[in-house]
Amino acid sequence: MKNFEHVDARSLAEASRLLTEKPSVAIAGGQDLLCMMKDGLLEPARVVNLKSIPGLSRIVYDEAKGLSIGALVTLSELEEHPAVRQLYPAIAQAAGLVGSPQIRNLGTAGGNLCQKPRCWYYRGHFPCLRRGGDYCSAAAGQNRYHCILGGDPCYMVHPSDLAVPLVAFGARVEIAGPKGRRSVPLEEFYIPPRVDVTRETILRPGEVVTAIVVPPARGRISAFVKFAERGAWDFAVASVAVVVQKGEDGKLMGGRVVLGGVAPVPWLAPKASEALTGSELSEAAFGRIAELALEGAQPLAQNGYKVPLTKSLVRKALRMAVNA
Amino acid sequence: MAKKLVRSVWDFENEWVETVAEVPERLPEPWAPDRPLRVAGQKYPRVDGYQRVSGDARYAFDIQLPRMLHGKILRSPLPHARVKQIRAEKALALPGVVAVFTHENIPPIPWYGDSFLFDPHVRYEGDEVALVVAESEAVAEEALGLIEVDYEPLPFVIDPEEALAAGAPKLHDEGNLWNGRPNVYERGDVEKGFQEADVVVEDTFRTQVVHHAQLEVHVCVADWEGDQLTVYETTQATFSVQRSLASILKLPLNKVRVVNYFMGGGFGSKLGLEKQTVLAALAAKQLGRPVRIANPRKDEFLAMGNRPSSIQKLKVGAKRDGTLTAISLWSLGPGGAYRSAGAELGTPVREIYKCPNVRTEESTVYINAGPARPKRAPGHPQGTFALESILDEVAEKLGMDPLEFRLKNYAEIDQVRNRPYTSKYLREAYEAGAKAIGWYEKRNKIPGSGVGPIKRGIGMATQIWGGGGGPPAYATVEIVSDGSVIVRSGSQDIGGGTRTIVAQVAAEELGIPMDRVTVIMGDTALCPYGPTSGGSVTAASITPAVLAAAVEAREQLKGYAASALNVPADQLAWEPGRFFLKSDPGKSISFEEAASRLRSNMIVVTGARGPNPEGYTINSFGAQFAEVEVDTETGRVRVLKIVAAHSVGRLINPLTGRCQFEGGIIMGLGFALLENRWMDPNVGRMINTNLHDYRVPTMMEIPEIEVIIVSEPDTKANPVGGIGIGEPAIIPTAAAIANAVYNAIGVRVRELPITPYRVLEALGKA
Ligand SMILES: Cc1cc2nc3c(=O)[nH]c(=O)nc-3n(C[C@H](O)[C@H](O)[C@H](O)COP(=O)(O)OP(=O)(O)OC[C@H]3O[C@@H](n4cnc5c(N)ncnc54)[C@H](O)[C@@H]3O)c2cc1C
Ligand code: SF4
């Protein structure tokens with residue numbers, strides 16, 4: 001790791017200024033940033049601490065406005081928050097399945113959404129389009145853990161667990177930067193590789209995420225299922241978040257099915273989401289939704305297994321949501 | 001003490017070594033199985049447990065010396081290349097950099113037979129190219145990036161089968177196949193055996209490369225005072241490091257001291273002198289300051305060893321009644337880029353079961369990847385996985401219960417050396433293990449017949465290993481006037497609890513409490529010779545020496561007791577804690593009182609390990625039973641329970657012993673289900689050089705573990721009666737899990753690790 005200066009930002013405005021003066025990065029919990037720096041993938045001259053900015057670590061629930069999660073709320077806080085557990089169980093479940101207790105105690109919601117890719121070629125100094133190289137090492141290399149949807153030309157999978165249920169709930173990201181504030185739906189926060197293979201998010205220099213706002217729960221039910229090879233300290237091989245409502249007729253209505261670990265961005269499955277409306281609460285109906293969720297999957301040489309695996313997780317998430 | 005020289009043959013890491021050792025004429029009375037023991041055989045927490053968990057223990061990694069410099073090694077980024085030129089000017093210009101060493105300014109010290117300390121012909125990603133020495137680790141690391149090296153890339157090969165093909169890139173003059181031919185063993189006539197068989201099964205099995213992944217990276221600190229070199233080193237081989245280092249540096253042995261008080265694991269990756277230790281010593285000498293070199297985790301994966309992968313073609317023939325008629329094995333594995341450890345794995349095939357016709361043909365090849373090193377029971381977990389899998393296949397074809405089939409082919413003697421074992425309680429292990437796992441109730445009679453997507457299964461596997469140890473091994477026992485005792489032995493406590501069992505043996509025989517004994521190990525300047533801790537030989541080698549020294553020291557103390565009581569020594573007898581008059585047992589003197597008569601005298605006795613019994617093989621045996629649950633929708637295998645029933649002589653400390661089994665089983669589980677070295681086939685580099693992409697088990701994977709020791713103390717093997725347990729623990733775990741997976745899903749996965757994707761593929765779902 002190269003030497004750098006560490007500056008505590010006192011306000012959002014100061015953070016934006018500090019971040020744009022010289023090659024800088026923001027640090028929240030540091031659980032990802034330090035990996036990037038130790039591996040020599042980021043060599044900033046300055047590290048700007050966001051934890052010193054007051055007011056960014058609150059969770060506020062309001063029946064009319066919904067849930068506001070400050071960017072610096074830790075994953076443990078999110079996991080344990082009573083309103084989140086009760087009204088947005090998929091979010092609490094996802095927060096509770098990140099890494100390990102140590103990582104959750106320090107890692108923040110904002111940092112989780114902004115974390116860098118975990119593709120092992122990207123992290124291991126191999127030829128990589130995303131890092132400005134000539135080709136993607138994963139395409140013809142070891143791609144057991146790579147994507148089956150939305151790849152080309154980069155086949156990484158988005159590493160964030162939290163983003164998956166947040167997209168399912170239709171969350172928005174609040175952003176502050178040198179040119180003021182803006183707010184975007186989380187699914188538009190991420191840039192698919194076909195649009196720009198070198199950037200993961202729409203954040204511009206000096207911009208930071210201040211909060212994540214989730215619409216009111218209003219009787220929606222939800223579930224998050226994560227599958228990783230290890231029971232802890234492991235990224236998702238595949239994950240699924242389902243948010244849906246139970247209609248008076250005993251059928252489902254509205255809602256979203258979102259897949260994690262299988263695409264370079266949290267993957268909102270449009271047809272499966274549409275098919276939720278009017279679906280019965282039966283295994284057969286869940287099976288159909290699962291088929292639709294994986295429609296168009298294009299596995300690489302080694303990761304065909306992700307298709308049946310993810311389908312089974314969709315069924316399981318639906319079961320979990322309706323039985324909760 | 002009168003001594004004699006004997007020749008002794010014993011098993012070290014699966015190789016039979018012959019040593020000439022000085023042993024005592026008079027051996028201590030063995031601890032008979034029915035002798036009640038007060039301290040030995042009891043559950044004592046580790047004597048250094050508090051130090052280890054509180055951060056108090058000083059590992060080689062923690063050593064900080066005044067004026068110490070830090071070294072970092074530049075490693076080849078290419079799998080195969082020739083170093084054309086190295087320019088170090090920019091690195092040397094960085095403030096804080098003290099020196100850069102390369103093949104141009106370091107003598108060509110031979111290494112790996114045909115290579116050198118720094119060899120301009122680099123043969124794997126991670127091969128050593130240069131050493132930077134700087135005022136801090138950070139500066140040294142930065143300087144690595146400033147050394148400019150011109151490499152001429154050479155064609156590489158990382159696949160063992162491709163390495164054997166004609167026209168494959170050659171790593172060494174001898175060609176890629178070690179010795180130019182396979183290792184062949186034959187007994188009887190396998191062709192005839194297969195003809196006699198009613199059932200013949202043939203299959204190919206594969207296992208992956210796994211790493212030691214020990215917590216403490218390789219680290220050393222070299223410090224010269226005048227012409228006296230002290231090296232703090234994390235090693236399983238304190239004395240062997242001393243000897244190799246002295247010989248390379250052309251120093252007398254008494255000028256080299258190797259210190260290794262605490263160790264954070266080795267598992268076979270720390271069995272000898274390291275290149276960086278030599279480099280640290282050379283640099284420290286030249287620069288006149290201590291030099292420390294600690295590896296980053298990445299280098300551990302690249303360069304510090306691995307368990308080689310394997311391809312195993314097995315063929316087994318049996319008669320209708322279950323009698324084995326023939327087994328043949330063909331195996332191939334990579335030794336990596338240099339000759340460090342081979343890929344042989346045939347011992348289980350040759351030795352576990354009674355079979356008249358056996359042929360094994362084992363090959364090791366060079367590939368452009370990190371050299372293999374022995375890893376916890378080299379060859380055995382992978383060999384056992386294949387053998388025990390195919391035996392289950394044969395049993396199924398015969399319609400026999402797998403346990404019954406194994407009992408039918410029980411080997412009463414060592415068939416390779418044609419002689420009996422000192423002890424073998426494998427039948428008892430089968431029986432106890434089967435009972436504890438619920439073999440007859442829980443096992444699916446029809447594999448895969450469980451209902452629902454989550455299926456359970458039971459499987460088992462057998463283990464054989466050496467671990468009898470042998471001479472030379474010494475220990476000194478020192479009694480001083482306050483009745484406290486110091487025991488010294490030159491072996492090392494590599495984390496298994498050796499210090500604790502040494503204290504127990506001494507406390508037992510001296511009749512004193514454990515806290516009166518201090519044990520010093522891992523220091524060539526303070527301790528008499530003790531063996532390298534590999535092959536599970538440490539306990540069985542040194543505890544008899546401790547016993548011998550303790551018996552003799554107590555005998556000497558008896559003289560002081562006698563003078564205190566004013567009687568001739570031969571009228572005194574001993575029972576734990578006191579000497580008493582044979583004719584008047586009421587008249588006695590305690591150990592402490594007798595010791596107080598020493599005043600400034602001290603009793604110092606060196607005990608030596610006696611020879612192994614002639615005409616016997618000393619082995620451990622065991623069987624592990626696994627219960628697993630397989631989710632057929634996701635492919636996940638969860639191990640619910642492992643029962644480990646082993647025949648290992650006497651367990652000197654059931655607590656530390658249990659830890660060894662738990663550790664071995666967890667490591668075996670990682671081998672079975674999770675761990676894998678991933679190489680990129682296109683550029684020949686390792687991809688997962690970190691501990692989250694290289695998945696060792698976490699607490700979440702650890703099943704219920706039940707350990708059952710079925711053996712009696714093996715006093716035929718040595719007077720204490722213990723046989724090593726460090727390696728037996730890991731051997732059958734993966735095989736038992738694999739057999740349990742088959743029993744659960746009815747489909748056999750013949751390649752490790754049994755990951756979700758392999759299970760889904762085996763089930764035909766992907
Ligand atoms: C071993 C290990 C296992 C892990 N497992 C998982 C897992 O299972 N699931 C998972 O989702 N993640 C996992 N992570 C990734 C990650 O570290 C954590 O999820 C954590 O939430 C990151 O948050 P942080 O606050 O520590 O981020 P930091 O490391 O501080 O920041 C991460 C990145 O986001 C940027 N950033 C941080 N906050 C903001 C902000 N408010 N606005 C703009 N940019 C910002 C930083 O500049 C940096 O580039 C794992 C990490 C490790 C090391
Ligand atoms: S998948 Fe993407 S991140 Fe990985 S090597 Fe290819 S381009 Fe780089």
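**Note on the ligand 1 site and the cysteines**

1. A polar side-chain atom of A:Thr108 sits 2.6 Å from an oxygen atom of ligand 1. A polar contact here is a pair of N or O atoms within 3.5 Å. Taken alone, ligand 1 exposes 970 Å², and the protein buries 95% of that. Areas come from the Shrake-Rupley method with a 1.4 Å probe.

2. The model is predicted: local features need pLDDT of at least 70, side-chain atom pairs count only at pLDDT 80 or more, and totals for chains, interfaces and linings use all residues. Residues are numbered from 1 along each chain as its sequence is written, chains are lettered from A and ligands numbered from 1 in the order written, and side-chain values use heavy atoms, without hydrogens and water.

3. Backbone atoms also reach ligand 1. A polar backbone atom of A:Gln31 is 2.7 Å from an oxygen atom of ligand 1. For A:Gly99, a backbone N or O atom lies 3.0 Å from a ligand oxygen.

4. The shell around ligand 1 holds 33 residues, each with a heavy atom within 4 Å of it. Among the closest are A:Ala26, A:Gly29 and A:Asn112. H7(A) gives the most, with 4 residues.

5. Where does ligand 1 lie relative to domain 1 and domain 2 of chain A? Domain 1 (1-49) and domain 2 (57-324) both give residues to the shell, so ligand 1 lies between them. The bounds come from an automatic or database domain assignment.

6. For A:Cys35, the nearest cysteine sulfur, that of A:Cys119, is 15 Å away.

Terms used:
Polar contact = N/O pair within 3.5 Å; in protein donor to acceptor, adjacent residues only side chain to side chain. Helix = DSSP H or I, 4+ residues; strand = E, 2+ residues; numbered from the N terminus. Disulfide = S-S within 2.5 Å.
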